[in-house]
Amino acid sequence: MTVATSRHLPPASPEPAGVDNRLVVGGATLAWRSLPTPTLPDPAAVLARSAVHALTAARQHAVHGTELLLSTASRVDAVMRTELLEAGFTVGVLDDDGVHPSAPARPRAAEPGRLWLLTSGSTGRPKRVGHTLDTLTTVRADQPDRTWLCPYAPGTYAWWQVVTLSLTQPGQHLVVVEPDELDDWPTVAATHGVDAASGTPTFWRRTLYRDAEALARVPLRQITLGGEPVDQAILDQLREVFPTARISWIYASSEVGASIVVHDGRAGFPVDWLGRNTPGRPTLSVHDDELVVTSPYHGAGLAGPIRTGDRVQVLDGRVLITGRLDSDEINVGGSKVSAGVVRGVLAGHPAVAWARVTGRRAPVLGRMVVAEVVLGPSSVDTDEAALVRWCADRLPEHAVPRRIRVLTDIPVKETLKSDV
C-alpha cells in the first residue's frame, strides 16, 4: 500500500492525544503520527480515493483546522458537486499524488475549524450539517485500551465517531476495512486483535448470516450498534455469540450528535429518560410520536428542541425507535400500521436473518402490508405461510403482511444501512 505523498506541513496546533495509536489500513500497520498532512485548499470538499487518504485528511484537519467536508466520490454526484462549488468549496479527489482540485467560481473565506458532514439522505438528498472536531468528539472520559474496527464510509457521522475516538484518546487503536473487505472483515479483525467494533444492525445481521463462526472467533469485548432501528432480536443474537461482551446501542445523527447510549441489552431506552435534564447531556422528549432532542452536540445553526423525524413507540416502560416518520406509517383501510413494529415481529422469528416491511397499493384498503425477508440457516420448513402465521399470532389482523418475498442475501448500502 502507498500512503499519500503530499508534503508534510508544519503543525499549526498540538498533535491530538491519540497521535501514536496504531492504524491498520489497506493491509499496512501505521500510526496517526506517520500519516502525511496533505496540502488542502481551504475550504475543501475532499473526496478520498481510499480509507488511508480519508485518514490523512482527518489528521490534517485536526492539526491545521482546515474547513473540510470529507466524503467518497460515490456519495457525491454531479448535482452535489455543483452545489459544493457554488457554496465556495474547492472540490477535489485526494489520492497518492495529493488533491486534484476543481475551484469554485466565487471563492470565499474559510471558516477555521469547521467540519461538514453529509447526512445519509434518508429523508431525500443528503444535506450539509456543520460541526467541529469538538462537537463530533462525544467520548471524553478515559477509556480502556481497545482496538476498534471501523467499517464505515469515510466522512459519515459514524465514521467520525470512531475516528475522533482514536485521534483524541490514547490506547484507542483502529483497524479500517475497505468496502471490498467487508465480506471478510471477521478474518481481518481476528488477525489484528480487534476487540471492539461499531456497526449498523444491518452490518451485524449480514455478518451473522454470512459466517457466524468466523465472527465468533473475533475477541470482541465491546459491540456497538447504531444508525438504524435496533430491535431485540439482533441484540439477543449478538449476546448469544458474545455472552461476556458489553453490547451498546447508540442513537446519533448528523443533526443532533450522539444523544442516547444504552448498555442494558434491551431495545429502546427507559421511558423515565424522557424529560430528564442533566448538564452537558441531551434532553429527550416525544411529540406526536416523534423523537425530539435538545443536544449540546447539535450541528451548526441548530438550537433548542430538534425534531428528528424518527417515529417512536412507548411499550413496557421502553421508548422504541421504529423508523422514519415519512416511511414507517402504513395506512391500511384507515388503520395505522408501524412498519418498524411489523419488522420487529418478523425479525423475532428464529429463521429470519433480516426483514424489510413496506406498504403497497391495494384495492379497497388503499394500502396493504408487504415484506421481504432473508432466511437464516435454521429456516428448514419455514415458508411464506409459516411467517404469515407467526405474524398473525402477534399482530392485529390489518398489520399482518399479505405478501412476503424471500431474498437470497441481505441488501446493504455504502452507509452500511438497508432501506428498512
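**Ground rules**

I number residues from 1 along each chain as its sequence is written. Because the model is predicted, local features need pLDDT of at least 70 and side-chain atom pairs count only at pLDDT 80 or more, while totals for chains, interfaces and linings use all residues, and side-chain values use heavy atoms, with hydrogens and water left out.

I looked up an open sheet of three strands, in the order 22-23-24, with mixed pairing. Strands here are DSSP runs of E with at least two residues, helices are runs of H or I with at least four residues, and both are numbered from the N terminus. Two strands count as paired if DSSP finds at least two bridges between them. At the edges I found strand 22 (352-362) and strand 24 (403-407), each pairing on one side only. From one strand to the next, the twist averages 25°.

I then checked strand 23 (residues 366-375), which pairs with strand 24 in the parallel sense over five bridges. Val 370 stands opposite Arg 403 in strand 24.

**Entry: helices on the sheet**

Helix 10 (residues 384-392) packs on the sheet and touches strand 22, strand 23 and strand 24. Contact means heavy atoms within 4.5 Å. The direction of helix 10 makes about 125° with that of strand 24. For such angles, axes are lines fitted to C-alpha atoms, for helices over the stretch in contact, and the angles run from 0 to 180 degrees between N-to-C directions. Helix 6 (residues 201-216) lies across strand 22 and strand 23, at about 120° to strand 22.

Which residues of helix 10 are buried? I noted Ala 386, Leu 387 and Cys 391. Buried means under 20% relative accessible area, exposed means over 50%, and partly exposed is in between (1.4 Å probe, protein chains only). Seen down the axis of helix 10, its buried residues fall within an arc of 140°, so they line one face of the helix. The arc is that of the directions from the helix axis to the C-beta atoms. These buried residues pack against helix 9 (339-347), strand 22, strand 23 and strand 24.

**Entry: Arg 356**

Arg 356 is found in strand 22. Is Arg 356 buried or exposed? I have it as buried, with a relative accessible area of 17%. Its side chain makes a polar contact with the side chain of Glu 372 (2.7 Å). A polar contact is a pair of N or O atoms within 3.5 Å; within protein, one must be able to donate a hydrogen and the other to accept it, and residues adjacent in sequence count only if both atoms are side-chain atoms.

**Entry: strand 10**

I looked at strand 10 (residues 172-176), where four of the five residues are buried, so the strand is largely enclosed by the rest of the structure. Strand 1 (residues 22-25) pairs with strand 10 in the parallel sense over three bridges, and Val 25 stands opposite Val 176. Strand 9 (residues 146-150) also pairs with strand 10 in the parallel sense, over five bridges.

**Entry: Ser 248**

Ser 248 lies in strand 13 (residues 246-253) and is buried, with a relative accessible area of 2%. I found a polar contact between its side chain and the side chain of His 263 (2.6 Å).
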